[in-house]
Structures are given as C-alpha cells and as structure tokens.
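Subject: Structure for your attention

Dear colleague,

Please find below the structure that I am handing over to you.

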Amino acid sequence: MSDKAERIAGLLGITVTKVRDVLETVPFPPGSMDTVEQALKAFHNAPSDSEARRLARKKWNELSLVEVKAANTIEQALKAFHNAPSDSEARRLALEKWIALCATIEQAREAFRNTPHDSEVRRLTLEKWITLCATIEQAREAFNNAPYGSEIQEFAFKKWNELSLAEVEAANTIEQIRKAFNNTPNSSEARRLAILKIAELMPD
C-alpha cells in the first residue's frame with residue numbers, strides 16, 4: 001500500500017499523506033474479505049495505525065469467531081487458533097475449544113505450551129492435562145509445571161499420589177516397594193504406605 005500511495009502521489013503531484021487519507025476511507029470492495037485468509041491479507045496490506053487496518057482486523061476477528069464455532073475436531077480448533085488474530089477473543093475461544101477437544105496427554109501438553117503465563121486458560125489446560133494422566137511420570141510432569149503452592153499443583157499432587165498408591169499396593173517384594181517408593185511424592189500417603197509395607201516384609 002505504501003509503495004502504491006507513493007507512486008500515485010508522484011503521478012499526481014500531491015503528498016503521499018493525501019493519497020493515503022483518500023485510500024483509507026475507501027471501503028473494502030465486496031467479496032474482498034469473505035474469508036479469514038482475505039481479511040488477514042487486507043490487514044497486512046493496510047498502513048499501520050490506519051482505519052483500514054483497524055477494520056480489517058475487526059473483520060478478521062469476526063471471521064475467525066465463525067471458524068472457531070464451526071470447529072468440531074482438534075485439527076479444526078488448532079487451525080482456527082493459528083488463523084485468529086493474536087490477543088483476540090477468537091484466539092481465546094479457539095484455545096478453549098482446543099483444550100476441550102484434547103483427548104491425549106500429548107494434545108493437552110501442546111495446548112499448555114500455547115497458553116499465556118498466569119492465565120485462567122493455562123490453569124484450565126493444566127487441569128485437563130492432569131485429568132488425562134494415566135502414569136506417574138505424566139502426573140509428576142504436570143505437578144512440576146504447576147505454579148508452586150497453587151490449587152492446581154495440589155490437584156496434580158493428588159493425581160500423582162493416587163497413581164503412586166496403586167503402584168505401592170501392587171508391589172509384593174522389598175525391591176518392588178523400594179522402586180515404588182522412589183516414584184512417590186514427598187509427604188504423601190503413597191510414600192507412608194511404602195515405608196509400612198517394607199517394614200512388614202523386612203525381617204527384624
């Protein structure tokens with residue numbers, strides 16, 4: 001847009017500012033912003049801090065919201081997330097839908113990496129991650145990613161302890177219990193039980 005405005009100004013013998021003022025008041029032609037891709041292109045082509053750029057971003061967000069609402073799979077939610085403007089309502093809703101559609105630890109972990117720090121949506125993502133944990137290693141990783149002393153870290157601790165308890169209860173030899181003990185969280189019921197089981201099996 002900038003080069004085009006300069007060429008027009010040179011041709012007509014007027015200032016670039018006057019050309020830009022005129023071009024920025026022209027509404028986008030019909031059909032020029034019917035898709036997210038078209039709105040994104042219009043946004044990038046418009047001059048910085050211009051009304052045209054503001055309108056293009058507004059349209060971009062509106063079209064992204066439609067894309068988010070239509071997403072029914074994690075792939076569609078991911079596409080909508082990456083297509084939406086940064087720091088927009090559409091991107092936030094796309095991330096929430098992405099989280100809701102996560103069915104595996106890997107998907108939840110990837111969503112977690114895309115959440116803003118210290119945000120509610122980050123907490124929700126970690127909560128989904130913890131809910132999906134099926135192994136001690138997964139629960140421990142979630143615990144280590146949670147803010148220290150937070151409610152969500154306590155939730156991760158409980159999940160880790162729950163999985164550790166199952167491992168301790170299934171252990172039948174001192175060596176198995178020792179290994180299970182090393183997987184338990186500090187100050188947990190699972191750790192206490194491991195000590196008690198070893199004491200029962202160990203000769204006086």
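Ring pairs join Phe 143, Phe 157 and Trp 160 into a cluster. Please note that the model is predicted.

**Aromatic pairs**

The count of aromatic pairs comes to five. One of them is formed by Phe 112 and Trp 129, with 5.4 Å from centre to centre and 75 degrees between the planes, and it is edge-to-face. The angle decides this label, because planes over 60 degrees apart count as edge-to-face. The pair links distant parts of the chain, as Phe 112 belongs to helix 7 and Trp 129 to helix 8, 17 residues apart. Are these two residues buried or exposed? Phe 112 has 5% relative accessibility and therefore counts as buried. Trp 129, at 1% relative accessibility, also counts as buried. The cut-off needed here is that buried means under 20% relative accessible area.

**The second largest pocket**

Sorted by class, the lining has four nonpolar, three polar and three charged residues.

Most residues other than glycine have a negative phi. Asp 118 sits in the loop between helix 7 (105-113) and helix 8 (120-132). With 82% relative accessibility, Asp 118 counts as exposed, because exposed means over 50%.

The other residue is Asp 49, which is not a glycine and yet has a positive phi of about 60 degrees. Asp 49 is located in the loop between helix 3 (36-45) and helix 4 (51-70). Its relative accessibility is 82%, so Asp 49 counts as exposed.

Where does Thr 184 lie? Thr 184 is placed in the loop between helix 11 (174-182) and helix 12 (189-201). At 4% relative accessibility, Thr 184 counts as buried. The side chain of Thr 184 makes a polar contact of 2.9 Å with the side chain of Arg 191. The side chain of Thr 184 also reaches the backbone oxygen of Phe 181, at 2.6 Å.

If neighbours within four places in sequence are left aside, Thr 184 is in contact with Trp 160, Ser 164, Val 168, Ala 190 and Arg 191. Trp 160 is a member of the ring cluster with Phe 143 and Phe 157.

Ser 164, one of the contacts of Thr 184, lies in helix 10 (residues 151-170). The relative accessible area of Ser 164 is 0%, so this residue is buried. A polar atom of the side chain of Ser 164 lies 3.3 Å from the backbone oxygen of Asn 183. Leaving aside neighbours within four places in sequence, Ser 164 is in contact with Ile 136, Asn 183, Thr 184, Pro 185 and Ala 190.

**Ile 174**

Finally, Ile 174 is located in helix 11. Apart from neighbours within four places in sequence, Ile 174 is in contact with Ile 198, Leu 201 and Met 202. Ile 174 and Lys 159 are separated by 15 residues in sequence and by 24 Å in space, C-alpha to C-alpha.

Yours sincerely,

A colleague

Note on methods: Residues numbered from 1 in each chain as written. Predicted model: local features only at pLDDT ≥ 70, side-chain atom pairs only at ≥ 80, totals over all residues. Heavy atoms only, no water. Helix = DSSP H or I, 4+ residues; strand = E, 2+ residues; numbered from the N terminus. Buried < 20%, exposed > 50% of the residue type's maximum accessible area, 1.4 Å probe, protein only. Polar contact = N/O pair within 3.5 Å; in protein donor to acceptor, adjacent residues only side chain to side chain. Contact = heavy atoms within 4.5 Å. Nonpolar A, V, L, I, M, F, W, Y, C, P; charged D, E, K, R; others polar. Phe/Tyr/Trp six-rings, centres within 6.5 Å; stacked < 30°, edge-to-face > 60°.
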